[in-house]
Amino acid sequence: MKRGILIVGLCLLFTACGNSSREQFPINISVKKNSFSWRNSCVTFQAGTDMPAFRAWVTGDKKASKADVYGLGFGASAPMGIEGLYYPSGYSSAELLMRTPEMATLVIHYPEWEIQDVLVQLDKQITVYRDCPVIQVIDFYSGGFDALNVAAGLPLKGYKVNTGEKSITVTATDGTTASIYMPEADETRTEGPDGHAVIRHMIRRGEPLYYYIGVGRESPERLLQIADSLSAGRNREPLIIR
């Protein structure tokens, strides 16, 4: 619990999403027939059984929630090869692992799919923090590979993009910004496959991939500062049920 309070304190120190909730459990998890969503006072994310992409929008902005999403959407990941990205079809199941008033951890399971004659599977663990526009993602890829090149991406269409050594950000005309911070990134690309800005890392079998997705009307620098703070205090013992 102390770690959760410390991380939430960092979020409150660095961010100003301005929608702080007084609910007992201000992190909401919603399961519907074809979608799974998680939100706090700052940002809402949604995954689907029929799409690999993440939808994301500033909590309360209903117009943004109807925007078209393609490919990886806002922060989903997929293996990347010479021919481009190899997308899963969508998630098969999802579950809540832990929830306190300060944070919640959930896992999304993706069924096997083929990548150059090799079958892979993905379990994606996500931690959402109270009143924080940034979430932590841990990808666990398994299958018949020794090494796998994995990329997370953001949409380019309609956005201004910036890349750093360990980060990518896109900003819309209304000031909404999305960012990905990947501490172990090997490369960032302003113009990656299928109209994405991408950030990638080569993982070995059994190696988790950590990254952080931020969405809000904060500056790109502010979102990346929060992500860097979360990364510095990240839990090295994931909760995921394998």
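Biologist: A nonpolar core is a set of buried Ala, Val, Leu, Ile, Met, Phe, Trp, Tyr and Cys residues joined through side-chain atoms within 4.5 Å. How many residues does the largest nonpolar core have?

Modeller: It has 51 residues. W38, F45, F54, I108 and I126 have the most contacts inside it. Buried means under 20% relative accessible area, exposed means over 50%, and partly exposed lies in between (1.4 Å probe, protein chains only). One caution: this is a predicted model, where local features need pLDDT of at least 70 and side-chain atom pairs count only at pLDDT 80 or more, while totals for chains, interfaces and linings use all residues. Residues are numbered from 1 along each chain as its sequence is written, and side-chain values use heavy atoms, with hydrogens and water left out.

Biologist: Which strand gives the largest share of this core?

Modeller: Strand β8, residues 103–115, with six residues. Strands (E, at least two residues) and helices (H or I, at least four) are DSSP runs, numbered from the N terminus. There is also a second, separate core of 14 residues. V134, F140, Y212 and A227 are among them.

Biologist: On to rings. How many aromatic pairs are there?

Modeller: Eight aromatic pairs. Rings of Phe, Tyr and Trp (its six-membered ring) pair if their centres lie within 6.5 Å; planes under 30 degrees apart are stacked, over 60 edge-to-face, and the rest tilted. Take F45 and F54: the ring centres are 6.5 Å apart and the planes stand at 75°, so this pair is edge-to-face. F45 and F54 are both buried.

Biologist: Which residues do ring pairs link into a cluster?

Modeller: F36, W38, F45, F54 and Y91. W113 and Y141 make an edge-to-face pair too, at 6.3 Å between centres and 65° between planes.

Biologist: Where do W113 and Y141 lie?

Modeller: W113 is in β8, and Y141 is in strand β10 (residues 134–143), so the pair ties together parts 28 residues apart in sequence. W113 has 9% relative accessibility, so it counts as buried. Y141 is buried as well, at 2%.

Biologist: New topic: charges. How many salt bridges turn up in the whole structure?

Modeller: Seven salt bridges. A salt bridge is a side-chain nitrogen of Lys or Arg within 4 Å of a carboxyl oxygen of Asp or Glu. K124 and D139 form one, with the closest N and O atoms 2.7 Å apart. K124 is in strand β9 (residues 118–129) and D139 in β10, so that pair joins parts 15 residues apart in sequence.

Biologist: Are K124 and D139 buried or exposed?

Modeller: Both are buried.

Biologist: Which residues do salt bridges with shared partners join into one network?

Modeller: D186, E187, R189 and R200. D186 meets R200 at 3.9 Å, N to O. E187 meets R189 at 3.2 Å, N to O. D186 is partly exposed at 43% relative accessible area, while R200 is buried at 17%. E187 is partly exposed at 25%, and so is R189 at 33%.

Biologist: Now β14. Why is it largely enclosed by the rest of the structure?

Modeller: Strand β14 covers residues 177–181, and it is largely enclosed because five of its five residues are buried. T177, S179 and Y181 point one way, and A178 and I180 the other.

Biologist: Which strand pairs with β14 over five bridges?

Modeller: Strand β13, residues 167–171, in the antiparallel sense. Two strands pair if DSSP finds at least two bridges between them. T169 stands opposite S179 in β14. β13 and β14 form a hairpin with five residues between them. In the turn, G175 has a positive phi of about 95°. Five bridges also join β14 to strand β17 (residues 209–216), again antiparallel. There S179 stands opposite G214.

Biologist: Last one. What is the strand order of the open sheet of four strands?

Modeller: β1-β2-β3-β4, with antiparallel pairing. β1 (28–31) and β4 (51–58) are the edges, each with a single partner strand, so one side of each has no neighbour in the sheet. β2 (residues 35–39) and β3 (residues 43–48) pair over five bridges, and S35 stands opposite G48 in β3.
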